[in-house]
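Reader: I have a new model open and a few quick questions. Can we walk through it together?

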Amino acid sequence: MTWELRPVVRRDVSRLVVLLGQLGYPTDEAAVHERLDHWLDDPASWLVGADDNGELVGVAALHVLPMLEVSGKFGRLLALVVDDRYRSRGVGQALVTAVETRAREAGCIRLEVTSSRHRDRAHAFYQRLGYEDASPSKARFLKDLVTIA
C-alpha cells in the first residue's frame, strides 16, 4: 500500500464519514459538509489527509490559537484517525509529523492532543511520538453548552 499526504477537500466527505465512524463518532454526509464549511474557510484550522490512489485513508485536524499568558501560539490536534486497514503502517505518524510541522510554521510553541481514557493504543502511540500525559499535573474542565448528538 502506498499513500501520500494532501489537503482534505470536499470530495472527501463520504470517506470522512467512514473515518469519523471508525473513530467512534458516527455521522452523515450532511453533517460533515456543514463541518467542512467551518474548517475549510478558517485560516487557523487545517485538515491534512493521507491518500491512497484517490481514497482518503487518514485525517488529522489542527487548530491554532493565540496565547495571552505567554508569547506564541497553541496548537490542538483535534482529531486523528487512520482507516483500520492502514493502521500500524506509518500513516498516523506521518499525519502527526505534518501537523507538528504546520503548527511550528504557524508559530505554535506547544501542541496538545486530547484522547479518551479508553484509547490505550492511541495513548501508547502518542507517547512513542514524545507526547506526555499531562493529566496528573493539569486539570481539564469541560462544560457542554448545547446537547451534542
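**Ser-45 and beyond**

Author: Let's start with Ser-45, which sits in strand S2. Keep in mind that this is a predicted model.

Reader: Is Ser-45 buried or exposed?

Author: Buried. Its relative accessible area is 11%, and the cut-off for buried is under 20%.

Reader: Which side chains make polar contacts with Ser-45?

Author: Asp-42 is one, at 2.9 Å. His-63 is another, at 2.7 Å.

Reader: What does Ser-45 touch beyond its neighbours within four places in sequence?

Author: Trp-39, Leu-62 and His-63.

Reader: Switching topic. Which residues of the largest nonpolar core touch the most other members?

Author: Leu-80, Leu-95 and Val-99, in a core of 22 residues. Two or more residues come from each of strands S2 (45–52), S3 (55–66), S4 (73–82) and S5 (108–113), and from helices H3 (91–105) and H4 (120–128).

Reader: Which element gives the most?

Author: H3, with six residues.

Reader: And what does Val-99 touch?

Author: Setting aside residues up to four places away in sequence, Val-99 touches Trp-46, Val-48, Ala-60, Leu-62, Leu-77 and Leu-111. Another core, of 14 residues, lies apart from the largest one; its members include Leu-19, Leu-20, Leu-23 and Leu-47.

Reader: Now H4. Which of its residues are buried?

Author: His-123, Phe-125 and Tyr-126. They lie on the same side of H4, because they cover an arc of only 160° around the axis.

Reader: What covers them?

Author: The cover includes S4, H3 and S5.

Reader: Which exposed residues are on the face turned away?

Author: Asp-120, Arg-121 and Arg-128. Just after H4 comes Gly-130, with a positive phi of about 100°.

Reader: Last one, Arg-10. Where is it?

Author: In the loop between strand S1 (4–7) and helix H1 (13–23). Arg-10 is partly exposed, with a relative accessible area of 33%.

Reader: What is Arg-10 in contact with, leaving aside neighbours within four places in sequence?

Author: His-33, Leu-36, Asp-37 and Leu-40. With His-33, the Arg-10 side chain reaches the backbone oxygen at 3.2 Å.

Reader: How far apart are Arg-10 and Thr-147 in space?

Author: They are 27 Å apart, C-alpha to C-alpha. In sequence, 137 residues separate them.

Key:
Residues numbered from 1 in each chain as written. Predicted model: local features only at pLDDT ≥ 70, side-chain atom pairs only at ≥ 80, totals over all residues. Heavy atoms only, no water. Core = buried A, V, L, I, M, F, W, Y, C linked by side-chain atoms within 4.5 Å. Buried < 20%, exposed > 50% of the residue type's maximum accessible area, 1.4 Å probe, protein only. Helix = DSSP H or I, 4+ residues; strand = E, 2+ residues; numbered from the N terminus. Contact = heavy atoms within 4.5 Å. Arc of directions from axis to C-beta. Polar contact = N/O pair within 3.5 Å; in protein donor to acceptor, adjacent residues only side chain to side chain.
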